[in-house]
Amino acid sequence: MSTKALYKTEPLKLWGKAKELRQNYYRDYAEAHEKGGIRWAGGAWTLGALTAGLGDDVHCITSEPYAASIAADKKFSMRCLEATEKAGYARDLCSYMRNYWGSIILNEYAFGGPFPKPDFLWQDHICCSHSKWYQVVSDLEGGIPYFSIDVSVGPYENIKGLNDPKIDYLVGQMHDGIEWLEKTTGRTYDDEKLIKAVNDECRGTSAWADVCALNKAIPAPLEEKTMYSLYVLGTLMKHYQVCADFYEELRDEVQYRVDNQIAAIANEQCRLMSDTQPPWGFLSLFRYLEQFGAISVGSLYTFGLIGIWEVKPDGTWGGRTTPEQAGIEIKDRDHALRIYADWNLSKPEWQHFYSPHLKTEMMIRIAKEWKLDGVMLHYNRGCEGLSIGIAENRLGLIEAGYPVMTYEGNMGDEREFDLTKTMARVDAFMETLGYKK
Amino acid sequence: MITAGIDMGSKTIKVVILKDGEIIGKSIELAGFESREAAEKAFAGALEAAGIAQGDIEKTTATGAGRKNAPYTEHEVTEVGSDARGVRELYPNARTVLDVGAEEGRAIRTTDEGKVLDFALNEKCAAGAGAFTESMSRALEVPIEELGPLSLQSDASIPMNAQCAVFAESEVVTLVHAKTPKQDIARAVHDAIASRIVSLARKVGFEPDVVLIGGVAYNTGFVDSLERALETKIIIPEDPEFVGAYGAAIIAAEGL
Amino acid sequence: MFDKFRDWEQNRHDYAKDWQKHNGGKVIGYFCTYVPEEILYAAGVLPVRILGSHEPQDVTEPHIFGMFCPFCRDCLAQGLKGRYDYLDGLTIAQSCLHIRQTFTSWEKHIPLEFTYYMPHPMKVQSPRALPYLVSEIEIFKKAVEEWTGVTITDEMIKKAAEVYDENRRLMREVYELRKAENPPLSGEEAMEMVISSQLVDKAEHNEELKRVLAELPNRDTGRETGARLMILGSEDDDIKFINMVESCGATFVTDDHCTGTRYFWNTTPEGNGDMLESIAQRYIDRPRCPSKDWEDRSRLDHILKMAKDWDVAGAIVIQQKFCDPHEADTPTIRKALNDIDVKNLFLEFDVTVPLGQFRIRVEAFLEMIGDEDLFD
């Protein structure tokens, strides 16, 4: 019987704190101007630490998690999507982008009141839509100053040291970006604050990877639906000190759960991973899995979009050694930028932009180390950036001997997702794997 | 031992009654709005054909999209499971099952032992093979059962967009306006639908023997298109739309 | 007069195979017009652009998720069906995500002796793009040298660039002639000319261009020019569509496509003598693919200027279905065209287009342009 409790469970103690941090974040952004502060907007993996040199009263709003919040509110989301379509934009564009644009067009903030207009836009470019996204935002908002850094220099395995011309390309743009930030805001730039933010981001993103690595344990201490609510902090504010502190605290709590065999779900029997963003309005899909004793223990998406990893001496994956841990003292701005560029370029969720086969290798690694029984791939019509190469990933995983289920959907446009049909697929998949409700 | 399998499809409901491995009764009904009523009617029909009463059935397994609404049922199995089981019983050498019904298309790869290795279902954008042929038969003003034979008269190959039903439909309109012979359009329609099913088959890595089941298997034009695209002979059972229910009835018997 | 171009365009595989046989050289397929072909050409390699065949296909479903553009799937289908089985190598320069998948699937499933993914700056508007691209071309050059066994000297690159630049200048000359009140060539002929230039040896193409240009100014096409149109948007080699529009009483006089002007518009700048830098500069300066056009939308002024210089009455804005970079530009471009009174029609392309339906829309569009003229 799949519902039989095999393990003890306990709610996560830090749950409330994660929620609070997220609420404060959106509030601080909205209220920044009242305190003479600065607001900026950019993507979830933008090189945010660079803005820290402008002062401690600089607050950001990152577009993907903001749009995911909209998507979770189906009614508001539909109004946003329709507003964007009415403005002439295609329905098959990135659904985060369309939700976000809609929120601007309607001038409604998902957390109440009018949309708090940013003072500048600070983006980076890895997928086709990233820089186009804010080009349109700038259009829609009547010309907000906009700077975007191109990070697409090929896979990390090709980078040969901190002085590789590929790193130079990024670092050069970052230097230009800092000059631009000073000019745009009229503020003097503080390199010490930049260095601190770089160290904080390295600390936090490595700690998040450690948290995910703890999920290799059986029973898994976390299930993916919960992980979404935790990893989101990194997508909002990976360069903030509070974020790094939180992930370190979380690592301790998850370690405690592992040590005491505290499970995320009591009836864990079948371990899966997912891929790409889920349909945010339908996370109940993950609860449905539990009826079969199945748990999604994570994905390259939850592990590697924010988490920064390395191969440990024993050959397994864990959080990357931070510059501080390696005894590297960042000397100056250029040094900070080189370290920061290198750190971000090693992001697992950036490698697949150049080759799905690199992603397949990482997925097979996860399947092995996290001891998976199968894989559930979300062919996500809402995000071409994370869905790129997904069909090849499927072929690669099957070749490696892992059963794969696929379902089509959309992370942010419910018109392209069918929960009933997807559950029917889960039924068939579980049946083939031999698990019963 | 008497068991029953009921396939609650989106358009039709099929019941098969099995006695010691032999089919002793079967029946099909349109699902309509009240699928539960239709299911009871289908059951009644099958019971009558078998000459037994409801109480004689030891176990019933339901399959199909609407299986939650099936009456007299103790047990459920997915369409993937029932299709694979039914086909394996009929054709032990089958390794690929294609099931093309009104709303859904499905490709299943099975192992030498008959276990499901992988399956693929059509996505929203390529849905409704059966429903699509029906609307095309209306557009061409040809009864649905004549659409197949009509297309067999054609040897013209007109490319038609296969990705999206809406686009394909507009191409049909274009062809009608251009006074393209009906048989050529019919063949183009079947080629387009077959191409979607072939895509699914390729996704699961089809291997012979390939068995086609589901109501659309009656359409000879579609079968011809499918065979040309797959470059392989396709096996079609006698009652292709009953295979799911048949598989469910076998599974019911195995569970006793 | 344009038969040769058409012949090359229609029999591209035969041409490449013949070239291979007679020259004993290597043929490489490439996917995006940001590939610095000069380097390949300098090494004696024939670069041919891989395009689709505009036939429905059922072979790419296992490899590319259906939400990506029909063009990238059509191209992969050509590879999977063995139509490019004569290729010795395959390359791509980084541009959009869609076509990239054609490369990565092809590379994995179709064995070739040489494959190369070339990183290429996306922020070509940054001053940092030039040194970066130079370093990437340098690495590419080394890889090509290793593959072919040819040491590529500066002199060889210079010669290759000269051949390429001549091709660019000659095609531009042809386009200049399209400014005439009655252009001496149709849009269909122009499209065949540019596409064929992506498929054959440029030196040979140059000879044909020179021959054509000698006669072109005095050519009477014998057809009514009708409404002067431009066509712009994503990759477009749908000759049937161009033909259909031009049969409705219109002539295309220019375009903004990577199968058109974006490919040949500018030539290699003089520079300071560093050939790699000059070549890199050309790829940075060329009319941009929207995927590389940010933060400013530099395409906009270029398109508007072209519309004026070629005196177009209307524009047809097309895109491959699901092409995100173009979808992000299209509303702004259409608005800007409207602002300068260039009426425009938007159409979404798939592997095959419903010509009949599109004809109805095109006829209505041309009627609208015609009505405007009545009140001028």
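This report describes the domain and chain interfaces of a predicted model with chains A, B and C.

Residues are numbered from 1 along each chain as its sequence is written, while chains are lettered from A in the order in which they are written. Local features need pLDDT of at least 70 and side-chain atom pairs count only at pLDDT 80 or more, whereas totals for chains, interfaces and linings use all residues, and side-chain values use heavy atoms, with hydrogens and water left out.

## Interfaces in overview

The size of an interface is often given as the accessible area lost when the parts come together. In the table, buried area is the accessible area (1.4 Å probe) that two parts lose on being put together, summed over both.

| Interface | Buried area | Share on carbon and sulfur atoms |
|---|---|---|
| Domain 1 of chain C and domain 2 of chain C | about 5000 Å² | 63% |
| Chain C and chain A | about 3800 Å² | 60% |
| Chain B and chain C | about 1500 Å² | 57% |
| Domain 1 of chain B and domain 2 of chain B | about 450 Å² | 60% |

## The two domains of chain C

Domain bounds here come from an automatic or database domain assignment, which for chain C gives domain 1 (3–148) and domain 2 (157–373). Taken over C-alpha atoms, the centres of domain 1 of chain C and domain 2 of chain C are separated by 21 Å. Contact, meaning heavy atoms within 4.5 Å, involves 52 residues of domain 1 of chain C and 59 residues of domain 2 of chain C.

With a salt bridge taken as a side-chain nitrogen of Lys or Arg within 4 Å of a carboxyl oxygen of Asp or Glu, the rule finds 5 salt bridges across the interface of domain 1 of chain C and domain 2 of chain C. One salt bridge in the model joins the side chains of C:Glu38 and C:Arg168, at 2.8 Å from N to O. A polar contact is a pair of N or O atoms within 3.5 Å; within protein, one must be able to donate a hydrogen and the other to accept it, and residues adjacent in sequence count only if both atoms are side-chain atoms. By that rule, 28 residue pairs (both at pLDDT 80 or more) are in polar contact across the interface of domain 1 of chain C and domain 2 of chain C.

Helices (H or I, at least four residues) and strands (E, at least two) are DSSP runs, numbered from the N terminus. Among the elements of chain C that give two or more residues to the side of domain 1 that touches domain 2 are α1 (3–10), α2 (12–23), β2 (46–49) and α6 (129–148), and the largest share of that side, 7 residues, comes from α6(C). In the classes used here, Ala, Val, Leu, Ile, Met, Phe, Trp, Tyr, Cys and Pro count as nonpolar, Asp, Glu, Lys and Arg as charged, and the others, Gly among them, as polar. The side of domain 1 of chain C that touches domain 2 of chain C divides into 30 nonpolar, 9 polar and 13 charged residues.

## Chain C against chain A

The contact takes 47 residues from chain C and 49 residues from chain A, and the count between these chains is 4 salt bridges. The side chains of C:Arg128 and A:Asp176 meet in a salt bridge of 2.6 Å, N to O. The count between chain C and chain A is also 22 residue pairs in polar contact (both at pLDDT 80 or more). On the side of chain C that touches chain A, the elements giving two or more residues are α5 (97–109), α6 and α14 (324–339) of chain C, with the largest share, 8 residues, coming from α5(C). The residues of this side divide into 20 nonpolar, 12 polar and 15 charged.

Rings of Phe, Tyr and Trp (its six-membered ring) pair if their centres lie within 6.5 Å, and planes under 30 degrees apart count as stacked, over 60 as edge-to-face and the rest as tilted. The structure holds 60 aromatic pairs over all chains; one of them, A:Tyr354 with C:Tyr117, is edge-to-face, at 6.2 Å centre to centre and 75 degrees between the planes. This pair crosses between chains, from A:Tyr354 in the loop between α13 (348–351) and α14 (356–369) of chain A to C:Tyr117 in strand β4 (residues 114–118) of chain C.

## Chain B

Between chain B and chain C, 15 residues of chain B are in contact with 17 residues of chain C. The count between these chains is 1 salt bridge; C:Asp58 forms a salt bridge with B:Arg202, the closest N and O atoms being 3.1 Å apart. The elements that give two or more residues to the side of chain B that touches chain C are α5 (165–177) and α6 (182–203) of chain B.

Chain B itself is divided into domain 1 (1–78 + 241–256) and domain 2 (92–236), whose C-alpha centres lie 27 Å apart. Here the contact takes 4 residues from domain 1 of chain B and 7 residues from domain 2 of chain B. The rule finds 1 salt bridge across this interface, and B:Lys11 forms a salt bridge with B:Glu134, with the closest N and O atoms 3.1 Å apart.
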